[in-house]
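Please look over the model below and follow how its parts meet, first between chains and then within one of them.

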Amino acid sequence: MTTSMLEKEDTDAPAGRLYKRNIMKEAIFKIFRGDKNGGSEVEYKVPVEEGMVVLDAVHYVQKNIAPDLAVRWNCKAAKCGSCSAEVNGKPRLMCKSRLDDFDLNKEIKVYPMKSFPVIKDLACDVLWNFEVNKKITPFTPKGNTDWKMSQRDIDRVQEFRKCIECFACQNVCHVIREHDLKPKFAGPRFFVRVAGLEMHPLDNADRLEALKSDMGIGLCNITKCCTEVCPEDIHITDNAIIPLKERVVDRFYDPLRMFFRKLFSWLF
Amino acid sequence: MSVIDRFEIHEHDVLVIGAGGAGLRAAIEASANGVSVGLVCKSLLGKAHTVMAEGGIAAAISNVDKHDDWKTHFKDTIRGGKFLNNWKMAELHAKEAPERVLELERWGALFDRTQDGKILQRPFGGHTCKRLCHVGDRTGLEMIRTLQDKGIHMGIEVYMECTITKLLKDNGKTSGAFGYWRENGRFVIFKAKAIVLATGGVGKAYKVTSNSWEYTSDGQILAYNAGAEILDAEFVQFHPTGMIWPPGVIGILVTEAVRGEGGILTNKDGFRFMEKYDPERMELSTRDVVARSIYMENKEGRGTPHGGAFLDISHKGADYIKKKLPSMYHQFKELADVDITKGPMEVGPTCHYSMGGIRVDGETTATSVPGLFAAGEVAAGLHGANRLGGNSLSDLLVFGCRSGLYAAEYAKKSSSNLKIDEQEIQLAEKEMIRFFENNGENPYTVHKDLQELMQNYVGIFRTESDLQYAIKELVKITDRAKKVKIDGSRMYNPGWHMAYDLQNMIQYSQFITESAIRRKESRGAHSRIDFPETDPECSKWNNVIKMNDDGSMNIRQEPLSQMSEELKKLFEEKELVKK
């Protein structure tokens, strides 16, 4: 692309004319069209503007060629996590996928997230995630607190609370994607939520038993695929999953602790 | 088999339509009051516009500025709204916002902290104290997630990706709602004794907007069609700082927190132009003033290359910016190739918020239709002619909570034998299906023309001739919108969804324009080139729109209720005379 050259030209152009002058070339999109019964790739030619993202291209198709193209989106600024899809096989937010990061001489393929059932075109059924969330013990404050917390103590929890629920981490997780162990496993998004609760300085609930049994945290083999796709750069594996795993191991599998518990079991 | 038996039916005491901050808070409160609650939203749960609120939530908890109190917050809100606010709402809002914020913290929200471990507050435009509780620049996300995670454990039934197209009545009282599932296009009926509308604003009627596809004035029009009144529709807020380059991101919000944290606005010559327009408050002037100032700089040839102003925060240093404005940093870096820790952003006004909306009772949020309540952006009154930044999130909580409470109380007292009118259902169904039988244009083309019209003729600056032209054009657009043609099936068909949303946007655009014509002065967000002065006479009335019995629109001016003597004492006498 010759973006820099065009930028130079545009700087002197009157504001109203910029739209038209920036059409540089066409990109070829192959977008999945279909539903749960199957479907196929459909090719669309989309004129390219400076700074354009994949979601802009999908909107172009919707407005000009196929108004019934199903796609979820809201903020268009990577704050709501609605427009997750697989662009050239990689899970991403379409609103954050700049066209100048792609080789426009090749087609760009856009598919719905792979780990969830397709509803239609790019929209898929993510309801399972909302069901998992309901099972997590909510925030349970300690009694008699004055609600003072130092910024240092909440910094790490605020990292987890950046999650925009795009479910890209759920989509890419091997336990869900390849083994489809959804009934036994909560997935990275919800380990992040639990980490945010467990590490909240004023939370008083205990979610370790649930993490081990209902949420299946042991099934995660820390390949870090979730961390790689997180658009919010949350260190899902290092900061959320591994510390939680350690807490579960300490509680349930540590031989010393286990021995200690057995020895003094008469006390309990 | 009756007509109604063909449909999927759900029944609740209280149905909340809209799941942003106001809707979620309403559902939580109604549920806590022991009634059965259904919550309907057009998107997935947690994706409503509240998630995009950035700068903070205004509440006089006086953690930073010790002298702040509800009276100061009340005064700022009324002054910001140019004395057109519903004073009762402004009073309740200022008094109750602190409790609503502290309650969020008790439900698990984690706000940024002061040195002594309390909730940190930042300055914002029009607020005379450091008042905005915040989490960096993602306060809305923190708020919606906290409410969502609280709500899902309360037995609230959530109906996601469902659009309501008609409110149903039995004998003049609210009895339910009719809508469709976005996923499969099937119709659904909700029986409800009380309904809370919390559907947000109308930004999508404008070309340059910070609003997402959902903000198509659905609630306002649902209420209007059910017989409720629309108040002060002319007041549409243009946020001074939206992104203006590259084309795909035009309109996306740049948080006021950039200015709150010390950002400086300059024109192409490097002149800090707010010195000219509001030397006292400078960048922290109210949104109406800053938006107009940027517009004027451009009109007089001092705009930046893409038609806006420069906003620079880089003097604060990279670490500080990344900590306090992380999403702005990423937004500009990833979408515009601009590193805001090193140089200025280019910004310009973007349609952001509707101060007008459904007329409600200041205490109960009840509309004039029995059993119908409204809260948040869809309701009018609190913000008057111009909303202060940060007063929206607190509005959602204060009046969301109140609407949930009063809707639950109403439902408990009302009969459980409410009937659904078969004819109403048949009509509602027909209104949605007819698009497939049409032979007109693509709905997106008509939408684009509506947006161009509203942007160019009913935008930041208005004149009689422009507004009259817009009225004429809106008649043509109404006609075209009725005939739009929909291809494909009813299954997840955004074109079909747009065809319905379009009707609402056009109707509300007429309300905006008709109201703007009648307000022959400049006040807050409403600027008339032909009437540039604020007229004290015009501070005495609101524009009220209601449907006549024959379906035509009635617009009249109604006197504002008088502020209590006690509250009047908070202002200087000359201020009250000249307002």
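In this predicted model, the side chains of A:Glu165 and B:Arg145 come together in a salt bridge, with 3.7 Å from N to O. That pair belongs to the boundary between chain A and chain B, where the count of salt bridges is 8, and where 37 residue pairs are found in polar contact, both residues of each pair being at pLDDT 80 or more. On the side of chain A that touches chain B, at least two residues each are supplied by α1 (3-11), α2 (18-21), α3 (54-64), β6 (118-120), α4 (127-134), α5 (151-160) and α8 (188-198) of chain A. The largest share, 5 residues, comes from α5(A). Sorted by class, the residues of this side of chain A divide into 30 nonpolar, 12 polar and 22 charged.

The extent of this interface can be described in two ways, by residues and by area. Counted by residues, 64 of chain A are in contact with 63 of chain B. The size of an interface is often given as the accessible area lost when the parts come together. For chain A and chain B the buried area is about 5300 Å², and carbon and sulfur atoms account for 57% of it. Within chain A, the residues that lose the most area to chain B are A:Asn74, A:Lys79 and A:Arg161, which together make up 14% of what that side buries.

We can now turn to the inside of chain A, whose domain assignment gives domain 1 (3-124) and domain 2 (127-256). The contact between these two domains takes 13 residues from domain 1 of chain A and 15 residues from domain 2 of chain A, while the domain centres, taken over C-alpha atoms, are separated by 32 Å. Between them the two domains bury about 1100 Å², of which 53% is given by carbon and sulfur atoms. On the side of domain 1 of chain A, A:Pro91, A:Ser115 and A:Phe116 supply 46% of the area buried against domain 2 of chain A, more than any other three residues.

Methods: Residues numbered from 1 in each chain as written. Chains lettered and ligands numbered in written order. Predicted model: local features only at pLDDT ≥ 70, side-chain atom pairs only at ≥ 80, totals over all residues. Heavy atoms only, no water. Domains from an automatic or database assignment. Contact = heavy atoms within 4.5 Å. Buried area = accessible area lost by both parts, 1.4 Å probe. Salt bridge = Lys/Arg side-chain N within 4 Å of Asp/Glu carboxyl O. Polar contact = N/O pair within 3.5 Å; in protein donor to acceptor, adjacent residues only side chain to side chain. Helix = DSSP H or I, 4+ residues; strand = E, 2+ residues; numbered from the N terminus. Nonpolar A, V, L, I, M, F, W, Y, C, P; charged D, E, K, R; others polar.
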